[in-house]
Amino acid sequence: MKGTSWLLLLILLIGCEDALFEEEKADNPVSNFEHLWEAANERYSFFELKGIDWEEYYRVNRPRVNNSMSDIELFDRLAEMLNSLRDGHVNLISPFNISRFDIDFLGADNFEWRIIKENYIGDDYLITGPFSHDFLADGEVGYIRYSSFQSPISNFDMAFVLSRYRNTKGLIIDLRENGGGSVNNIYRLLNSFQQEPVFLYTSQIKSGPGHEEFTTAADVFTEPELPFYERPIVVLTDRQSYSASSIFTLGARSMPNMTVIGDTTGGGLGLPNGGQLPNGWTYRFSITRTIDPQGNNFENGVPPDIVSIMTDEERINGVDRVIEDAVEFLTN
Amino acid sequence: MHKLIVAILILMMGSTALAQEKEDVKSRRKALRKARPTYFIIGMQLSKIKLRDTGTSPRFYQGPRAALATSIHSEDSLKLGYFYNTTGYSFLDDNGDIETLVWSGVSVEFAFGDMWKLKATRDSKFKIGVGYNVQSFFQFRTNQRLSNAGFGLDNLISVGPSVGLFFPFERKAEWNKKLGFVNIKARPRKYALSMRVNFPALTISSRPEYAYLTDVINPDINSLDTYSFELGGYLLSSETAFTYYLHNGNALRFHYRWQAMQTSDTFRLNIAQHAYGVNFMIRLNKINKDERY
C-alpha cells in the first residue's frame with residue numbers, strides 16, 4: 001500500500017510541464033500590438049537621440065487596435081508605429097509584407113555604376129573577390145569599388161589589391177550604395193591602413209529596459225595587420241551607404257590618412273536583433289549604439305569631411321562629381 | 001600508577017580494535033562495490049522537445065530530438081549509482097499557421113548520482129531509495145530568421161535530492177503453454193521496474209544576455225561577456241525504466257525520461273523533454289552465482 005502511494009505520487013510528477021510553465025500569450029491584434037510596443041520600448045536604442053516619445057505612440061495607437069482587425073490592418077498599424085522610429089534597421093516581417101523605412105529617399109541619388117564603367121574604369125577593370133578595381137588619373141590613383149559588406153574579404157584579396165596600387169599617390173574606396181553587411185569586414189579593411197592601432201569609436205549594447213540603459217562603453221581600436229597601405233585614402237559615401245558602411249565611415253574619420261568625400265551616410269550605427277510576435281510575425285530593431293571619439297552619435301548619418309554631390313547635368317554628361325573631387329584631392 | 005598503565009593499555013587496545021573495525025568496514029565496502037552489478041549502456045533516445053525562449057519569442061516551439069545515449073549503471077539491493085550522457089540533434093518549429101520558424105541545434109545532457117535504498121524497504125516488494133542527482137543540459141541552437149538573435153547557447157546545471165522506487169521481480173520457474181501447435185516456453189528470468197524523480201535544489205543557468213546579440217561591433221569582446229550566468233530557475237526530471245535481464249548477464253533497458261527546465265533571468269527559457277530510449281546493457285564485472293538462472 002505504501003509502495004503504491006509512492007508510485008502514484010511519482011506518476012503525478014511526470015510529464016506535467018504545462019503546470020510549471022507560464023501559459024502562451026494570447027494571439028490577437030491587441031496582444032500582438034502590446035508585445036511589439038513593449039519589446040521596442042525595452043530594447044530599442046535611440047528613443048532619446050531621436051527625441052521620440054514612445055509612450056505617446058502607445059496612447060495614440062493603442063485605441064486604434066482592436067481584436068476584430070484583419071491581419072492586413074494590423075500589419076499596417078504596427079508598421080506605421082515602427083516606421084516612426086525612422087530607422088533602416090527596423091522591419092516587421094509577415095508572410096505577405098515587410099515594413100521598412102526607406103533610407104534611399106534621405107538624399108539625392110549620388111552614384112551611377114554605368115557612368116564609372118563608361119567613363120572611368122572601362123570594361124576591362126579587375127574583379128578580385130568582392131572588389132571591382134582599376135587605375136584612375138593615368139595610374140596615379142587606385143579605384144576600389146566595394147559594393148557590399150556582406151561579401152567576405154580574403155587575405156589574398158587584400159594582398160593583391162594593395163600590392164597592385166602600392167605605387168599610387170592614393171586610393172579611392174567607393175562605398176556608395178553599399179547597404180552594409182558583416183562588421184568583420186570593416187576591420188579586415190581598416191586594419192591594413194595604419195601600422196599603429198587607431199581608436200575608432202566606442203560600442204555599447206542595451207543592458208536593461210531603460211531607454212538609456214547600456215553596457216559600459218567599450219573602446220574599439222584597429223589591430224594592424226599586413227599588408228599596409230598608408231598613403232592618402234578617400235572614402236566615397238552617399239545616403240545609401242548604410243549600417244556597416246556607416247560604421248566603416250565613422251572609423252575612417254578617425255584614421256589619419258583617410259578622408260570622407262560625398263554625401264552624409266544613411267546611418268544605421270546600431271546593430272539590429274530580431275524577435276517574434278505571438279502571431280508568428282518577426283521584427284527587428286537596433287539594440288546597440290556606436291559613438292565616435294569626440295562623443296558624437298551619428299546614428300542618423302555620418303557626415304563627410306568634404307561634401308560632394310552629383311548634379312543632374314553632370315549625370316547626363318557622364319561625370320561622376322564625387323570621383324572627380326576625390327581624384328583632385330589625391331593628386332593635388 | 002598501576003591503574004594509569006592499565007587505563008592506557010585498555011585505551012590502546014580499544015583504538016586498535018576500532019581501527020581494525022574501520023579497516024574491516026572499508027574492505028567489506030570495497031568487496032560490495034566490486035561485486036555490485038555494473039553495466040555499460042549504449043542506446044538510442046527519441047524525444048519530443050518543447051521550447052520557448054521569451055528572449056526572442058512568446059511562442060512554444062516543438063519537435064523531435066534524436067540522441068545517442070551512453071551510460072554507466074551500477075545497482076544492487078543496497079545502492080544505485082549512475083552516470084549518463086545523451087548527445088542529440090533537435091529540429092523544432094513553432095507550428096505557426098501563418099509562418100514557420102525553425103530552431104535547430106545540438107544538445108548534450110549529462111547526469112550522475114547515487115541512491116541508497118532504505119533499510120526499512122529492502123525486504124519489501126517496493127524498495128525506496130534516496131540520494132542525490134547532478135545534471136546538466138547544454139544546447140547550441142540557431143534560427144536564421146531571427147537575425148542577430150538567431151544563435152542561442154543555453155546551459156542549465158542542477159544539483160538536488162532524488163527519490164526512487166524500485167520493483168524487482170522475477171519468474172522463478174519455467175513456464176510452458178501450448179497454443180494449438182505452438183509450444184510457448186519461457187525460461188526463468190529477472191526483471192526490474194524503477195522510477196526516479198530528481199528535484200532541483202540549486203540551479204545555475206547561462207544563456208544570452210539581455211540584448212541577445214552575438215555579432216557585436218567590438219571585435220575584442222569576449223563572447224562570454226554577452227552571456228548571463230544566473231543562480232536560479234530549475235531543472236526537474238524523472239526516469240521510469242524497465243530492465244529485462246538476459247541469461248548471459250547483459251540486459252535490455254527501456255526508459256522514459258521527462259525533464260522540465262526554466263532559467264531565472266529577465267527573459268525566461270522553458271524546455272520540456274519527453275524521451276523514450278532503448279538500451280543495451282553490457283555487463284562489466286563478474287556475474288554472481290545468485291544472479292544466474
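Student: Which residues of β10(A) point one way and which the other, and are they buried or exposed?
Tutor: Pro272(A), Gly274(A) and Gln276(A) point to one side of β10(A), while Asn273(A) and Gly275(A) point to the other, and all are buried. A residue is buried when 20 or more other C-beta atoms, placed from the backbone, lie within 10 Å of its own; with 12 or fewer it is exposed, and in between it is partly exposed. This is a predicted model, in which local features need pLDDT of at least 70, side-chain atom pairs count only at pLDDT 80 or more, and totals for chains, interfaces and linings use all residues. Residues are numbered from 1 along each chain as its sequence is written, and chains are lettered from A and ligands numbered from 1 in the order in which they are written.

Student: Why is β10(A) called largely enclosed?
Tutor: Because 5 of the 5 residues of β10 (272-276) of chain A are buried, the strand is largely enclosed by the rest of the structure. Strands here are DSSP runs of E with at least two residues, helices are runs of H or I with at least four, and both are numbered from the N terminus.

Student: What does β10(A) pair with?
Tutor: It runs antiparallel to β11 (282-286) of chain A, joined by 5 bridges. Two strands count as paired if DSSP finds at least two bridges between them. Pro272(A) has Ser286(A) as its bridge partner in β11(A), and Gly275(A) has Tyr283(A).

Student: And how many residues are in the turn between them?
Tutor: β10(A) and β11(A) make a hairpin with 5 residues between them, and Gly280(A) in the turn has a positive phi of about 100 degrees.

Student: Switching to helices. How many residues of α10(A) are buried?
Tutor: 10 of the 11 residues of α10 (244-254) of chain A are buried. Among them are Ile247(A), Phe248(A), Leu250(A) and Arg253(A). The cover over the buried residues of α10(A) includes α9 (184-190), β6 (199-205), β8 (233-237), β9 (258-262) and β12 (288-291) of chain A.

Student: What is the radius of gyration of chain A?
Tutor: Chain A has 25 Å, whereas a compact globule of 332 residues would have one near 20 Å. The radius is taken over C-alpha atoms, and the globule rule is 2.2 Å times the number of residues to the power 0.38. Of the 332 residues, 43% count as buried.

Student: Now chain B. Which strands pair with β1(B)?
Tutor: β1 (38-53) of chain B is antiparallel to β2 (61-75) of chain B over 14 bridges, and also antiparallel to β14(B) over 15 bridges. Ile41(B) stands opposite Ser71(B) in β2(B), and Ile42(B) has Phe280(B) in β14(B) as its bridge partner.

Student: Where is Leu118(B)?
Tutor: Leu118(B) sits in the loop between β4 (102-117) and β5 (127-142) of chain B. It is exposed, with 12 other C-beta atoms within 10 Å.

Student: How many residues does each chain give to the contact between A and B?
Tutor: Chain B gives 41 residues and chain A gives 40 residues. Residues are in contact if their C-beta atoms, placed from the backbone, lie within 7 Å. On the chain B side, β9 (189-198), β13 (251-262) and β14 (269-283) each give two or more residues.

Student: What ipTM does the predictor give the complex?
Tutor: An ipTM of 0.82, with a pTM of 0.84. For chain B the mean pLDDT is 86, and 89% of its residues reach 70 or more; pLDDT is the predictor's confidence in each residue, from 0 to 100.

Key
Two residues are in contact if their C-beta atoms, placed from the backbone, lie within 7 Å.
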